[in-house]
Amino acid sequence: MKLYNLKHQEEVVAFTEALTKGMGRDRGLFFPMQIPALENVESFLEMPFLARSKRIIGAWLADELGQTVVDRLVENAFNFPVKVRRVDSARSVLELFHGPTLAFKDFGARFMAQCLNELAVDEKITILTATSGDTGAAVAHAFYGLENIRVVILYPEGKISSLQEKLFCTLGENIHTIAISSDFDACQELVKKAFVDEDIQSSMRLNSANSINISRLLAQICYYFEAAAVVRTDELVVAVPCGNFGNLTAGLLAKAMGLPIKRFIAATNANDTVPRYLKSGCWQPNPTIATSSNAMDVSEPSNWPRVEVVLKTMGTGLNGLESVSVSEDETKDSLKSLYREGYLSEPHGSVAACALQKSLQGNEQGVFLATAHPAKFKETVEQVLNEKVALPPELEKVKNQKNLSDRMTADFSLLKEYLLAER
Ligand SMILES: *Cc1c(COP(=O)(O)O)cnc(C)c1O
């Protein structure tokens, strides 16, 4: 698989290089030179999820890695189920939260971890990343116990829910967590400094494992096929709850490979840069607003350049995408009405379900993506529904475990000392 840098088209790299580098020159995103077209998609839809996913990833990576390696990576990464349930006469839900940290980020993080562990064996890697919740948990679990990889995760002390904290700060072994006595921006600033520090760069291989890594998108293509395999119709509409638009990019790539999806709806919360852009043609990000679907509180989505390129490749341009912004009130109403239909959701899935309902027409059948388990957003869900939400075993198990985090002030010299000392 060959990829090029969207900012400098002459920079062409193989998958392994894109995986380890993350970004190209001038922080440009890597994009595939070619999107493989599947022959006989119908036969793919007949296969079970794992077998099918091996073939899908193989279409991208078998030329570089061989199908045997691809099979092993997929099998190790996707060790949890993906489920499709019917919600009402026109809507079904694709549940992506059955992984170890109860959010869809497990798919991308676990696949990326397996790739790095398999392909970057010459030297120990340090994954250094800042998190405000979901990403850190997914990264910590994905890399836990992998021999050649040390993980250091920074997070703002007291700014994430204690349950969320327990989910990734209780693992130990190769997972090191540091509570920084400041905010998320300060954590991100520390990480950025480490990536440009010469002493650190010359003594270890750093990787940020962040959400723009191409390996994550390849993993996420697979579950769109599951939606189409279960909801069999030629009028399939898929609504994706969007933050950085990585998930939507993967869906569009699935369609570009030949998956029969009639159209996509990019659902956003009040952070509506994209829906406004599709209407006006002007890209005008506003300051980010805090909402109950906080993993979607993004006003400058990092994967947007990739979305534009896939749409162009498919020949539709921006007309090929609809985007709907959903308010806080609508999100809560959607959560309530799903519950009345017998489906317990959480804010992110509810945004997508609402956008889907607004947009479905005629004989269309819709699928919305449920990106997190309702228990992860317990407080909001309980407050909206006035019902208790039970903890799933994954969360129940860690609730009383000891938090193993170190604590640190937001001082780069301390972080540097830590990184250089403990290797
Ligand atoms: C990250 C996240 C999103 C947004 O996904 P993008 O790929 O960034 O668009 C939506 N819901 C949940 C629960 C998330 O953690």
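Here are a few questions and answers on the cysteines and the ligand in this predicted model.

Residues are numbered from 1 along each chain as its sequence is written. Local features need pLDDT of at least 70, side-chain atom pairs count only at pLDDT 80 or more, totals for chains, interfaces and linings use all residues, and side-chain values use heavy atoms, with hydrogens and water left out.

Q: How many disulfides does a search of the whole structure find?
A: A disulfide here is a pair of cysteine sulfur atoms within 2.5 Å. Take Cys222: the nearest cysteine sulfur belongs to Cys115 and is 11 Å away, so Cys222 is in no disulfide. For the whole structure, the search comes up with 0.

Q: Is Cys222 buried or exposed?
A: Buried means under 20% relative accessible area, exposed over 50%, and partly exposed in between (1.4 Å probe, protein chains only). Cys222 has 1% relative accessibility, so Cys222 counts as buried.

Q: What does Cys282 count as?
A: Go by relative accessibility again. Cys282 comes in at 38%, so Cys282 counts as partly exposed.

Q: Which polar side-chain atom lies 2.5 Å from an oxygen atom of the ligand?
A: Look for polar contacts, pairs of N or O atoms within 3.5 Å (within protein, one must be able to donate a hydrogen and the other to accept it, and residues adjacent in sequence count only if both atoms are side-chain atoms). Gly243 uses a polar backbone atom, 2.8 Å from a ligand oxygen, and Gly246 also uses a polar backbone atom, at 3.2 Å. The side-chain atom asked for belongs to Lys105.
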